[in-house]
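Let's take a friendly tour of a protein model, one part at a time. Have the picture open as you read.

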Number of protein chains: 2
Amino acid sequence: MSLLVVGSIGIDDIETPTAKRERIYGGSAIHFSFAASFFTTVRLVGVAGDDWPSECTEALSERGVDTIGLQIKPGGKTFRWGGKYSEDMNERETLFTELNVLGEFDPVVPELYRSCNVVFLANGVPQVQHKVMDQLPGAHLTVADTMDLWINMQRESLDALLKRLSGLVLNDAEARLLTGEHNLVTAGHRAREMGPKFVVIKKGEHGAMFFSEHETYVMPAYPTENVVDPTGAGDSFAGGMMGYLAEKNAFDPKTLKEALAYGMLTASFNVEDFSSDRMLRLTREELDQRMAEYRKMLSF
Amino acid sequence: MSLLVVGSIGIDDIETPTAKRERIYGGSAIHFSFAASFFTTVRLVGVAGDDWPSECTEALSERGVDTIGLQIKPGGKTFRWGGKYSEDMNERETLFTELNVLGEFDPVVPELYRSCNVVFLANGVPQVQHKVMDQLPGAHLTVADTMDLWINMQRESLDALLKRLSGLVLNDAEARLLTGEHNLVTAGHRAREMGPKFVVIKKGEHGAMFFSEHETYVMPAYPTENVVDPTGAGDSFAGGMMGYLAEKNAFDPKTLKEALAYGMLTASFNVEDFSSDRMLRLTREELDQRMAEYRKMLSF
């Protein structure tokens, strides 16, 4: 089962307490695609400028990601983001944001992609997320991410989107903002009542919570000392989760839980190096080995 | 196997965003004892003034807690603490602390208790924790809690204590302070290298992490919407954990993991009402039913 992702394509400058990297590739669709590529064929829709490094497109192709939907705008510049992490890596400050070609992103789903029935709408303008859904009337499972900006500024459009979704993935602060509830269990239920069949709240180093009509559970993150660059962890989590669902072509409770676990693990690898560098070296065998450890950790 | 706990006995004033309760019983040894009482005979060593409500001592006795070691100082006042919780219940402010009789606490372990071989030293002056250990040369398993004050002010004595312990239980901020490490996995390993055979880092609503020479794992908290008063959650966690270890009289990896899970659950019940009110209504059946749910939540 193939998987479509629509999201940002970016060139990032990242500063951590111990290192600094400039002009490395990033963006939600990139982190998502590498993570999902371990499970299924990923079809990527996004926009970049002609400063976009072709080696990233090649690296995606090597991992089996179909990049026909990656539009390169001649004369345009790729979305740029700069961030600096705090001493404990748990907080970050945005140093700059330059929307560039992402500002006028009008995603067109290539004809070839319209048969995809598993879809991930990475964080973006809700109106644009709607437009993508309009082009994919046959999607079985559509999951979206969002952020504080849209919760605050585009609430009506976001509310309408929530009613169309199979699943919503967002972080703890966003879940609290969306629902006005402090307790995350309450927030998860409230968010689900807004439309999506399931909600996943990402808690960073503390794991993730899952909410459906009949199930509420929390899964811890894989504990690691090796955190080099947390950028893209959330998108990598979504990539692992959606990739596994597309691979299995099943969305029952058991498969969803396994998918969440895989998401936790793809994220745990993604943070081990800058950009998608760790994902480029990763193998499915390493992923499955870590899954065995993770299962062992949770069984008692 | 019986379990000895040495810790504070207190009378608390608690303010949450929705309620206020005055002169309710608290203190580490009280929260610990109620939680542990579901598993084994608890022997409590502590000190209170003659303002201590006898109904709490009776409630402890009804739960099978041996209170011979509870000294009542005639003319003295019980330790008092007042705290106010933030809107999201995750932070609290100390409104007042009156040490009273706890300030001169010189624990004497009754002769009858000296055969206890499972011991918990709740947060207290390290020098006093040493004195308790001196009176229990036959203890098989001694676990202690500590806090920022002793890490900052009594470091030498605390360092010497760590070398004598089987286990150390502390929260995430304390683990970071003790080790100077931001990453909690690294902090857990460093703390273990300071002496204890195992270390448990409590992360509040995010669960707990376990570190021994050969094992590192994290267990999530039981997700609950029903948080009325978080006071004593950490002590209640320790009570469930130590109570189960004493019940099983085994300290192997498998039993330790089950013990951690029980600690998570006693804590999840403790926060459902003020003081130990929920624990007074709790049954072992309810605990085991929640354990079944917790196991199900973690299995996939």
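## The overall build

Chain A contains 11 helices and 14 strands. Its radius of gyration is 18 Å, close to the 19 Å that the globule rule gives for 300 residues, so chain A is as compact as a globular protein of that length. Keep in mind that this is a predicted model.

## A sheet of four strands

Now look for an open sheet in chain A. In what order do its 4 strands lie? The order is S3-S2-S7-S8, and the pairing is mixed. At the edges you will find strand S3 (20–26) and strand S8 (92–98) of chain A, each of which pairs on one side only. From one strand to the next, the twist averages 20 degrees.

Let's zoom in on one pair. Strand S2 (residues 10–15) of chain A runs antiparallel to S3(A), and 5 bridges link the two. Within this part of the model, Gly10(A) has Gly26(A) in S3(A) as its bridge partner.

## Two helices that cross

Next, find two helices that pack together. Two packed helices are described by the angle between their axes and the distance between the axes. For helix H1 (residues 28–36) and helix H8 (residues 233–248) of chain A, the axes come within 7 Å and cross at roughly 40 degrees.

Which residues meet here? On the H1(A) side they include His31(A), Phe32(A) and Phe34(A), while the H8(A) side includes Asp235(A), Gly239(A) and Met242(A). Sorted by class, the contact of H1(A) with H8(A) has 6 nonpolar, 7 polar and 1 charged residues.

## Where chain A touches chain B

Finally, step back to see both chains. How many residues of chain A are in contact with chain B? There are 28 from chain A, and they are in contact with 28 residues of chain B.

Several elements of chain A each supply at least two residues to the side that touches chain B: helix H7 (184–193), strand S14 (216–219), helix H9 (253–270) and helix H11 (284–298). The residues on this side of chain A divide into 13 nonpolar, 8 polar and 7 charged.

How values were computed: Residues are numbered from 1 along each chain as its sequence is written. Chains are lettered from A and ligands numbered from 1 in the order in which they are written. This is a predicted model: local features need pLDDT of at least 70, side-chain atom pairs count only at pLDDT 80 or more; totals for chains, interfaces and linings use all residues. Two residues are in contact if their C-beta atoms, placed from the backbone, lie within 7 Å. Ala, Val, Leu, Ile, Met, Phe, Trp, Tyr, Cys and Pro count as nonpolar, Asp, Glu, Lys and Arg as charged, and the others, Gly among them, as polar. Axes are lines fitted to C-alpha atoms, for helices over the stretch in contact, and angles run from 0 to 180 degrees between N-to-C directions. Two strands pair if DSSP finds at least two bridges between them. The radius of gyration is taken over C-alpha atoms; the globule rule is 2.2 Å times the number of residues to the power 0.38.
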